[in-house]
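Open the model in your viewer and get ready to select. This tour goes stop by stop.

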Amino acid sequence: MTVRVGHTAEKPAFPILAHELLQDDQTRRNVRHATNVIRNKRALRVEEMPDWQDLRTTAHAIKTHTLLHLPHYLEEFERNCIRAGGQVHWARDADEANTIAIQLIQQAAARQSGVKGHAQPSDRPSSPYPSVPAHAEVIKVKTMTSDEIGMNHALEQRGITPWETDLADMIVQMGKDEPSHIVVPALHKNRHQVRELFLQNMGLTELGTEAEDLTGAARHYLRKKFLEVGIGISGANFAIAETGSVCVVESEGNGRMCVTMPKTLITLIGIEKVIPKFDDLEVFLQLLPRSATGERMNPYNSIWTGVTHGDGPQEFHVILLDNGRTRMMANVRERETLNCIRCGACLNQCPVYRETGGHAYGSIYSGPIGAILSPQLNGMKYSRSLPYASSLCGACYEVCPVKINIPETLIHLRGKIVEQDQNTLAGKLSQESMGMKMAAHLFEHPKQYEAAQRLARTGQGLFEKDGKLVNLPGMAAGWTQYRDLRALPKQSFREWWKRSRTNRGDGSNWSGND
Amino acid sequence: MRIHLFIACYNDTLFPRTGMAVVNLLERLGHEVVFPTSQTCCGQMHYNTGYHAEALPIVQKLLHEFLDAETIVVPSASCVAMMRDHYELMAHNANDLHMMGDVKSFLPRVFEFSELITDKLGLTDVGAYFPHRVTYHPSCHSLRLLNVGDRPMRLLQGVEGLEYTPMEGSDQCCGFGGTFAVKNAEVSSAMLADKIGCVKKSNAEFVAALDNSCLMQIDGGLHREMGSRDRIRPVHLAEILNSTRDNPLTAEALAWEGATA
Amino acid sequence: MTDDARFTVLDTIRRQLAADPDVETLIDDSPEEAYARIPRTYQRTAKLNHEETLELFYDRLRDYDSELVFTNEAGIANAVADAMREANETLLLVPAGVPQEWLPQHDVEVRRDFDLPLQPLEEPRVVLTPCTVAIAMSGTIILEHGDGQGRRAATLLPDHHICVLWRDQVVETIAEALQRITHRTSPITTIAGPSATSDIEMTRIRGVHGPRRLTAIIL
C-alpha cells in the first residue's frame, strides 16, 4: 500500500517555502483580505448562536463515537447504499482509488458511446475493458479528496479529460496551479489574473473585468459541459450510515449539476466522512456553513441515496478511500484529527497561515489542519516540517466546529518526529538534539544550571554591544537575524534572592540534590 | 500567607526584575515568600518541541520540590498552562501512578500571578501607582489556555494614575511560540511585525503582559526598529503592580543600555 | 480486488482500535446505546412563536432578493401568471404531480415533466413546484424530489423557480425541519438563496448555476 497525499513527497520544508511566499506581496495581500472577510463573517454568525458551544460539543461527540465504531458504520452505509441501487468500492490507497475510477469511467464511456465503430484500439490487447472513445470526459465538482490522490493526473494519463467545474478549481486548473486554501482555493489570484485565464481558456475575445462578468462567463461556459458530459465525479461532505445517503454541501450550483445531470456518477469518499444518522445533519449543517463561509446556510445541499428511477444518474458508484486514514485510528489525538469536516475556519484564524498563505505548507491540506493531517496520512514520512509551523497559539482550536485540539495534536506529532529522529545518528547529533539534551541535563542539576547561567553571562561579553547581543551563533542566530536580544542582566533572580535573603535565615529550601 | 515562588527558568535568567517585583509586592502585602532554590524549569520547552522523554524527569523534579508548598505563584502564564495541560498526560503516558498522585495534589495549589492576586488574595487594588498610558497584550496561553479573562484588566484598573488604552488585534499571537521563534524565525518575525504595528497604534507608553516571553519578542522587534529612542516599553504586569508612590517604576529602569538590575 | 481492499480496511481499523489501550474504557458493546448517550443540549425546538417564525422567514427571503407573494389556494394560478408576466416568460415547467388548479389558463404554455428528454426539459426558464418544509432561521426551502416536487433537474436548469408554500410548512429550526422529511431516501435538495461564489477577490456574486430568481407564493 502506498499512500499519496498530493505532492507532499516532493515539496521542500515549510521554512523554505515560507521564505519565498513572504516576499510575495500580492499573495500576502490576497490572503490577508480573504481571511479577514471570512473570519469577520464567521464571527457574526457565531455570535448570534447562543447554543454554538453545545453544537460543537455534540459534533465532537458524534465524530468520536463514529470513529470508535467505524467498521460498524461503514458496513451499515455500504449495505444501505447498495440496497438503494448504488455500488460500493473500497480503495486502500491513491493508486487503487484511481484505478477503480478509471475502470468505471472507461466502462461508462464505452456504454454511453455505444460499443461499435470507434477507431481507438485498446492499449492492452488482452484488456477485459471495451475500447473507449478517443476522449472520454468527466465533469468534477470540488473535492479535495481527489486532489489528495492525484486523480486528475491519473485520469489524464489514461486519455480521460477531467473538467473542474467549481469556479476556483477551474481557475486553479486553467492556471496549472495548486489550491492555496481549503474553501477558497484560488484566493491567491485577483480578478485581473482570473480574467486573463478565462480569455485564454474559454476562447473569448473580450471579457469585462468585474467579478460579475467573470462569473457570467463561467456560467455560460460550464452549462454546455453540464448538459453534455455523461460522467460526473464528486466527493462528499457526509455519508449517512442509517440511510446509505450521501450529502454534498456547496454554494455555486455546479455540485447539483454534477450529481444530477450525468448518467454515471462516481463519488469518492474518505472513510472518515461517515456519520451515523440522517438527523445528525441538524448539527453539521449548522456548524459547517457558518464556519466555512460565514453563512447561516449555504445555498445548496444535495442529499441522494443510491439510484432513483427517472431522476439523476442511473448508475452510482461510491469509492470508499483509506489512503492513510486507518493509520490514524490507534490514538485519541490521531483519531480526533479525522473529525475534520473541511470548513477551513482554522486557516482563516491562523496567524501563521495569514502571513504565508497555503502554498507554504506544500500540501493541499494547509493551515493548522494541514499541519496535523498531512503528516499523519503520510505516516510521518512527509510533511514533517508542518507540525513545527505553528506557535501553538490555539486560535484554531477555538474556532474548530468539531473541537479538534490542534495544538495538542501538534505537540503529539512533534513527539513522534523527535522519537523518529533520535533513532538516526544524524538526528541524535543534530544541533537541536544536542542542545536540548544539554539543557535537560542542566535543568536536572541545579548547581550546574547555575554555573551555566554564570558562564553565559561571562561569555556574552564577546557578543555584547550597547546592552544587546549580536551575531549569535547556531540556533540563536535565528533570533538575532530579525530581532534584538537583550544582554543577560548582571544578576539572575536566584542570585538576587540569595544575596538579599539568605542572611535573614528564612529557611529557604536548598535541597542541594545534584 | 506562605507563598512559594516558581520563577520560571527564563525569568530567572533574563527577567529577574519580574521576580523581584513579585517578591516585593507580596511582602508588602504582608505575605511570606519562599523560593526553593533548587528549582529550574517547568519542562515546557522540551515538551512542546517534542522532547517528551527529556521533559519527564524535569517535571518530576519540580513536583518533588513543591510537594509541601501550600500556595505556589508563577509569574508566567505559559508555565502554568504547561502544568495544567500536560502534567497529568505525562504521568498517564509514563504509567506512573505515584507521579499522577503528585500532579493531582500539585495542580490546585498553583496560581498564575494575576490569578493569585485576584482569586487567592481577593484583591484588585494592591496600592500601586503608575501614572502612565498602558496597553495590554493577552498572551495566547493566558487568553486561551488559562482563561484568565478580565483579571489583568481589573488589576490594571486598580492602579492609581494608570490610563488604559486598548490595542487592536490584541488576541493575535505575537509570534514567539517558544522554539518556533528560531525554528521558523522568518514567519515569527512577520507575525511580530503585525503585532508591533498594533502596539504602536495604541499610543501607549507601556505594553503590559503576563508573560515575559511575549514581551521579549515584542521588545526585540521594537528595539531593532527604534533602538534606545523614546518608545513604548514592554513590562510585566507584576512590575507595574509593584510600582508605588514611594518607589515608582520608570521607563529608564527598563532601558537596555546601562541596565543595573 | 475491491473485496481484498474492503477486508483490509475494515480489519485494519479493528486492529488499530484494539491497539489503543484507552479505547477499552471508551467502547461499549452496542453502538446504539453509545449513540443514544451523545449529549444534545443545542436548540432542537422552536423558541419563537409561529408569527415570529414567519416574519423571520420572510426577512431571510427578502435578504436573498426573493419575491414574496401572499395569496390563498384559489389565487395561485393568478400569482403564477403575474410572476411569469413580470419575468417576461411564457413557457412554464411543472412536475407531473402539480395540481391543474395552480396553472394559469391563458398566456402561459405549460410543459408537464412526464419524463421529458433533455432538450424539452432544458428549454423552460421558469419552473413551478411546492416544497416539503422551510427553515426560518436560515431562509432555507427543502425539496423532496418526486412527482410532486419534480425531479432534481427540473428545479436546477430553469432560471426562475416559483415555489408554493403553506404557512404551516415554515419551522424555525433545522432540527424541526428534518423531522418533516419523511422520504429520506428520495433525493433531497436544500435551497438557501440563489447560488453564489466568493472565489474572485472575496466579492460575493450571486447566481452562478441554478435558478437566479425565486418567487415564493405563500398561502
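The stops below visit helices and strands in a predicted model.

**Stop 1: a helix in chain A**

Select residues 70-83 of chain A, which are helix 4. Check its length end to end. At 1.5 Å a residue, its 14 residues should span 20 Å, and the end C-alpha atoms are 20 Å apart, so the two agree.

Now colour the buried residues of helix 4. They are Leu70(A), Pro71(A), Tyr73(A), Leu74(A), Glu76(A), Phe77(A), Glu78(A), Asn80(A) and Cys81(A). Step just past the helix to Gly85(A). Its phi is positive, about 100 degrees.

**Stop 2**

Zoom in on strand 12, residues 468-469. Two bridges join strand 12 to strand 13 of chain A, in the antiparallel sense. Pick Leu469(A): its bridge partner in strand 13 is Leu485(A).

**Stop 2: a sheet in chain B**

Move to chain B. Four strands make an open sheet here, in the order 2-1-3-4, and the pairing is parallel. Strand 2 (32-34) and strand 4 (110-112) are at the edges. Each has a single partner strand, so one side of each has no neighbour in the sheet. Look along the sheet for its twist, which averages 35 degrees from one strand to the next.

Select strand 3, residues 71-74 of chain B. Three bridges tie strand 3 to strand 4, and the two run parallel. Click Val74(B) to find its partner in strand 4, Glu112(B).

Next, show residues 113-120 of chain B, which are helix 7. Helix 7 lies across strand 1 (2-5), strand 3 and strand 4. It runs at about 105 degrees to strand 4 of chain B.

**Stop 3: two packed helices in chain B**

Select helix 11 (residues 185-201) and helix 12 (residues 212-226) of chain B. At what angle do they pack? The angle is about 80 degrees, and the axes are 9 Å apart. The two helices are therefore roughly perpendicular to each other.

Show the side chains at the contact. Helix 11 brings Ser188(B), Leu192(B), Lys195(B), Ile196(B), Val199(B) and Lys200(B). Helix 12 brings Gln217(B), Ile218(B), Gly221(B), Leu222(B), Glu225(B) and Met226(B). Colour these contact residues by type: six are nonpolar, three polar and three charged.

Methods:
Residues numbered from 1 in each chain as written. Chains lettered and ligands numbered in written order. Predicted model: local features only at pLDDT ≥ 70, side-chain atom pairs only at ≥ 80, totals over all residues. Heavy atoms only, no water. Expected span 1.5 Å × (residues − 1). Buried < 20%, exposed > 50% of the residue type's maximum accessible area, 1.4 Å probe, protein only. Axes fitted to C-alpha atoms, helices over the stretch in contact; angles between N-to-C directions. Parallel < 35°, antiparallel > 145°, perpendicular 65-115°, else oblique. Contact = heavy atoms within 4.5 Å. Nonpolar A, V, L, I, M, F, W, Y, C, P; charged D, E, K, R; others polar. Pairing = 2+ DSSP bridges.
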